[in-house]
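Please open the model in a viewer and keep the selection panel at hand.

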Amino acid sequence: MHLHASADRGAQIFQSAGPQTIYGREVLHDEPFPQEELRIALDGFVEPPGLGSARDKLANRGVVVLVAPRGDGASTAALHLLVEHHETDADQAVDHQPAWQRLANEAGPRLLTADWATPNAHRIPRRPDTGYLLDLTAEEEDIKTEFRRALVRLGRELRGLRSCLAVVVTPDQWGEVKQDPELDSITAQLKPPDPVRLAQRHIEFVHRRRDRLRRLQDAQVALTSHMRPRVAAAIAAVLAIADEAEVAPGLNAVLEWPDYLAARFDTEVDPKQRALLWSLAVLDGAPKRVIFNAARTLMGQVNLKTDHATTLAGPDLSSHLRKLEAAVSEELVSLNAVRPGLSPVVLGHIWREYDDLRDVMLDWLLTIGGPNGAAAHHGGQVVRALFVLARQDPNAQVLRLLGSRIEQGKRLALIVDLLHETAIEGEIARAARDLLLDWAKGNDEKLHEVVARVCGGRFGHVLPERALVRLKWLFTRTQPKSRRHAADAIRSLLVHDAGLDVAVLNTVVDWLRSGHQAGLPAFAQTMTITEQSLPCIRALLDPLHDPDGGVSTALVEGWSLLLSATPQDQSEQLQALRSWFDAADNGHLPVDRVTAVLQAAAGASLGDSSTVKLLLQARDLEQERRSSTETGLITWLFDHINTFNRTPRHDAPPVAAPPADEFPR
């Protein structure tokens with residue numbers, strides 16, 4: 001597919017091996033690091049094995065690729081290198097602020113947002129005297145050889161600008177490059193830092209409590225050699241901040257309450273008590289009645305029946321809760337009030353240790369979190385529980401199992417909320433994005449709706465290009481519902497951000513211009529006016545919403561391409577056109593704006609007889625009824641038709657809509 005940009009837009013589209021980029025967003029977004037991240041990377045930093053090699057390669061090559069498993073501290077090491085690379089004694093002499101305060105602005109290192117269809121080195125910024133960090137550990141696309149070699153060339157360019165780039169990847173993404181001298185010259189394998197030294201550094205320099213280093217001697221048994229840096233840092237925080245009486249519980253919380261798990265799961269207990277523990281783990285802080293009803297639902301799902309006589313003779317609900325060491329306050333029940341962070345620990349333990357009950361747990365969560373479920377008014381807690389379970393498996397087994405339940409029509413909204421949480425960042429972001437793409441390419445309408453709702457929500461707002469790749473697939477599906485859901489998502493992106501609307505709209509127009517099969521349904525469905533879509537279209541036509549005319553220009557080109565297209569089935573074109581005529585006649589859209597856009601669009605393609613035919617056919621949708629807007633437009637067309645060359649002019653540049661102050665009144 002050949003991609004290009006309209007000359008009058010001044011934008012550029014880069015095309016790599018994968019799908020197209022978002023129109024006009026040729027450079028990745030970058031932003032400064034938060035002060036807290038800079039502080040940890042400087043004051044709390046302990047050099048990991050392998051950093052010396054990384055330091056040399058960054059200095060000599062302008063780029064270094066840090067290879068380490070997720071959670072081993074590679075991003076912190078990369079940030080430390082970038083600061084180290086640019087900080088000089090002169091910088092520190094000018095301003096006596098701590099470095100992490102001084103660098104948390106435009107002059108400090110920059111974090112790149114990898115919002116692209118596929119990794120493309122052309123899109124990495126190249127400002128002088130700037131250090132960039134690109135974290136690819138959540139990248140779902142393969143990191144191809146072409147991109148790797150482009151990084152080597154980019155490093156030479158950045159060195160000339162006194163800039164540099166640190167890239168973070170996992171071992172499975174980067175692979176072995178020892179046999180390739182060029183790639184080996186920018187690659188550094190990192191090991192995690194020593195957890196004891198890291199904890200000591202955090203106590204002394206991050207928390208400024210050198211007087212509490214003695215506590216580290218007693219806690220070193222908890223600091224194992226394979227411990228992740230974040231856990232060592234959390235232990236340090238407890239040792240530095242907690243009062244003496246709170247140190248032991250604090251360490252237990254960080255280490256995920258091993259004694260409590262052993263006491264609750266090492267021996268056989270009353271099934272009712274175990275069901276209550278499941279409910280507490282999911283609905284911590286909920287009313288006692290909600291906890292009980294959720295437990296009863298679970299017992300019903302596993303066919304555990306209790307007769308009234310047994311219940312009458314047994315302990316009451318409060319006794320069961322006391323045995324679980326839950327706090328009960330004004331009818332609210334909580335595990336976390338006694339042991340902070342215990343409820344997700346219990347959930348994770350159940351998921352890992354009771355493999356044959358995983359389907360039961362998922363079905364139970366979807367049941368109690370549904371509209372008529374025991375926890376119908378606690379849906380947020382059910383979603384958080386699903387998120388805890390999803391994090392247990394980076395291969396997205398939980399998400400896939402939930403996907404199979406969507407196909408059965410179960411609790412779509414809960415699963416959408418879960419994907420909102422998982423697809424943007426974190427340990428399972430890569431798997432979640434992969435799953436959304438797989439679902440978009442499939443043929444299940446319910447899964448298509450999930451994809452559309454996720455892509456039109458926070459995922460699309462943060463990573464619009466990745467969202468558009470998935471929505472583009474939905475427009476190639478034959479199911480009308482799937483296309484309508486995708487159009488809803490596009491409109492959500494259009495109205496979310498004034499700076500994003502032109503880019504998204506032009507991307508859709510470019511699909512149409514390039515002849516991609518998604519182009520016509522995408523533009524037609526997005527432009528079709530319904531009660532739900534009317535506010536978006538009205539906003540797009542509002543000159544106050546479009547001060548530089550970029551939206552109007554995109555609308556004109558899109559309509560021009562749509563009017564001149566000749567698919568076998570023109571129903572989507574006709575429906576979109578008819579809806580604009582009706583909305584204008586009913587006063588829902590300003591007649592002058594609708595007329596001006598469609599006149600400019602029709603004028604750009606008048607040489608193609610299909611434009612006139614389509615406009616004439618539009619009346620057939622309403623028993624030959626013509627709206628006044630339609631009549632005016634057709635009259636205008638026939639008044640001007642003889643001034644145009646009838647020869648098709650497919651390569652003619654698009655005609656821009658007139659400025660807002662030139663629209664006819």
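A disulfide is here a pair of cysteine sulfur atoms within 2.5 Å. The model is predicted: local features need pLDDT of at least 70 and side-chain atom pairs count only at pLDDT 80 or more, while totals for chains, interfaces and linings use all residues. Residues are numbered from 1 along each chain as its sequence is written, and side-chain values use heavy atoms, with hydrogens and water left out.

**Stop 1: cysteines**

In general terms, a disulfide is a covalent bond between the sulfur atoms of two cysteines. By the distance rule, the count comes to 0 disulfides. Select C455, which is buried, with a relative accessible area of 0%; buried means under 20% relative accessible area, exposed means over 50%, and partly exposed lies in between (1.4 Å probe, protein chains only). Then select C536, which also counts as buried because its relative accessibility is 7%.

**Stop 2**

Side chains of opposite charge can pair when their charged atoms come close. A salt bridge is defined as a side-chain nitrogen of Lys or Arg within 4 Å of a carboxyl oxygen of Asp or Glu. A search of the whole structure finds 32 salt bridges.

Select E36 and R39, whose side chains meet in a salt bridge (3.2 Å, N to O). Both residues belong to helix 1 (residues 35-43) and are 3 residues apart, about one turn of the helix. Helices (H or I, at least four residues) and strands (E, at least two) are DSSP runs, numbered from the N terminus. Are the two partners buried or partly exposed? E36 is partly exposed at 44% relative accessibility, whereas R39 is buried at 17%.

**Stop 2: R228 and D72**

Select R228 together with D72; their side chains form a salt bridge (3.3 Å, N to O). This pair links distant parts of the chain, 156 residues apart. R228 is in the loop between helix 10 (214-219) and helix 11 (229-241), and D72 is in the loop between strand 2 (63-67) and helix 3 (74-86). R228 is partly exposed, with a relative accessible area of 35%, while D72 is buried at 11%.

**Stop 4**

Select E140 and R470 next. The closest N and O atoms of this salt bridge are 2.6 Å apart. E140 is buried at 10% relative accessibility, and R470 is buried at 2%.

**Stop 3: the positive patch**

Show the surface and select R61, R153, R156 and R159, which gather in a patch of positive charge. Patches are made of residues with over 30% relative accessible area and no salt bridge, with like charges joined within 9 Å and nonpolar side chains (Val, Leu, Ile, Met, Phe, Trp, Tyr) within 5 Å. Lys and Arg count as positive and Asp and Glu as negative; His and the chain ends are not counted. The largest share of the patch, 3 residues, comes from helix 6 (residues 145-160). R159 is located in helix 6 and is partly exposed, at 46% relative accessibility.

**Stop 4: positive phi angles**

From helix 6, move to R162, in the loop between helix 6 and strand 5 (164-169). R162 has a positive phi of about 60 degrees although it is not a glycine. Now select D129, another residue that is not a glycine, with a positive phi of about 55 degrees. D129 lies in the loop between strand 3 (110-112) and strand 4 and is partly exposed, with 40% relative accessibility.

**Stop 5: two C-alpha pairs**

Select F459 in helix 25 (residues 458-462). F459 is buried, at 0% relative accessibility. The C-alpha atoms of F459 and I424 are separated by 5.8 Å, and these residues are 35 apart along the chain.

Finally, select A326, in the loop between helix 17 (317-323) and strand 7 (327-329). A326 is buried at 12% relative accessibility. Its C-alpha atom is separated by 8.0 Å from that of N336, 10 residues apart along the chain.

Notes. Areas by Shrake-Rupley, 256 points an atom, 1.4 Å probe, with all protein chains shown as cover. Charge placed at Lys NZ, Arg CZ, Asp CG, Glu CD.
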